[in-house]
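Here is a short briefing on one protein model. Keep the sequence and the 3D view open while reading.

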Amino acid sequence: MRAASPPRAIDAVVFDFDGVILDTETPFFYAWSEAYAQLGLELTVEEWSTCIGTHGGFDPLEDLAAKGAEFDPDELLGRVRARKNELTQEDILLPGFREWLTEAPQLGLSVAVASSSTHDWVNGHLVRLALADQFGHMSCREEGVPPKPAPDLYLRACGALNVDPSRALAVEDSPHGVTAAKAAGMYCLAVPHELTSGLDLAAA
């Protein structure tokens, strides 16, 4: 008689988007760093890290104004966004993600995205990469759910997958994201990148 398979520890994997699926964090930092340099100033990773994985926090426009820089806010913001998009479009999926996305359904795991970015931003890139139809749900900021470090994005994703948060794994790259996942009652794996490798991810 064939032995029964051991029970799985998890039933779903919920991925953060920026910095986990696609490296959009580094292009945004580089775009702002270029803008700072053009104004004769420097943007540090320490300053930028406070806004990684959430919405709000560090405001480059306020920081530049406080440092005495003279600029047109609308023109500068448009230029930085265009540069960020240019750098991001050139990027590829982060190492290992495509393999995870392939293996998860084979293991019977549901998959979703929980991101503090807007649905248009996340879905636009996933459509471009032909991956949008591989997720059971996308939980994003403009859907009336507060951004991380609040747990709501993760709770909404788990609810949409009909999975208890205690049986779901979050994959994160930032302290804000790790805090959100743990507050939701999930397992959490931290996969840091260039901008977050020096931050405190010990709660994952």
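Is Tyr30 buried, partly exposed or exposed? Tyr30 has a relative accessible area of 36%, so it is partly exposed. The model is predicted.

**Fold and dimensions**
- The protein has 8 helices and 5 strands.
- Their order along the sequence is β-α-α-α-α-α-β-α-β-α-β-α-β.
- Along the principal axes, the C-alpha atoms fill a box of roughly 75 × 30 × 30 Å.

**Packing and surface**
- Of the 204 residues, 45% count as buried.
- Take the contacts between residues at least 6 apart in sequence: 66% of them join residues at least 24 apart.
- The protein carries 14 positive and 31 negative charges, whose mean positions are 8 Å apart.

**Aromatic rings**
- The count comes to 7 aromatic pairs.
- One of them is Phe15 with Phe97, edge-to-face, at 5.0 Å centre to centre and 85° between the planes.
- This pair links distant parts of the chain: Phe15 sits in strand S1 (residues 12-15) and Phe97 in helix H5 (residues 97-106), 82 residues apart.
- Phe15 and Phe97 are both buried.
- Phe29 and Tyr30 form a tilted pair, with 6.0 Å centre to centre and 45° between the planes.
- Phe29 has a relative accessible area of 7%, so it is buried.
- Phe29 and Tyr30 belong to one aromatic cluster with Phe28, Trp48 and Phe58.

Definitions and conventions:
Residues numbered from 1 in each chain as written. Predicted model: local features only at pLDDT ≥ 70, side-chain atom pairs only at ≥ 80, totals over all residues. Heavy atoms only, no water. Helix = DSSP H or I, 4+ residues; strand = E, 2+ residues; numbered from the N terminus. Buried < 20%, exposed > 50% of the residue type's maximum accessible area, 1.4 Å probe, protein only. Contact = heavy atoms within 4.5 Å. Lys, Arg positive; Asp, Glu negative; His and termini not counted. Charge placed at Lys NZ, Arg CZ, Asp CG, Glu CD. Phe/Tyr/Trp six-rings, centres within 6.5 Å; stacked < 30°, edge-to-face > 60°.
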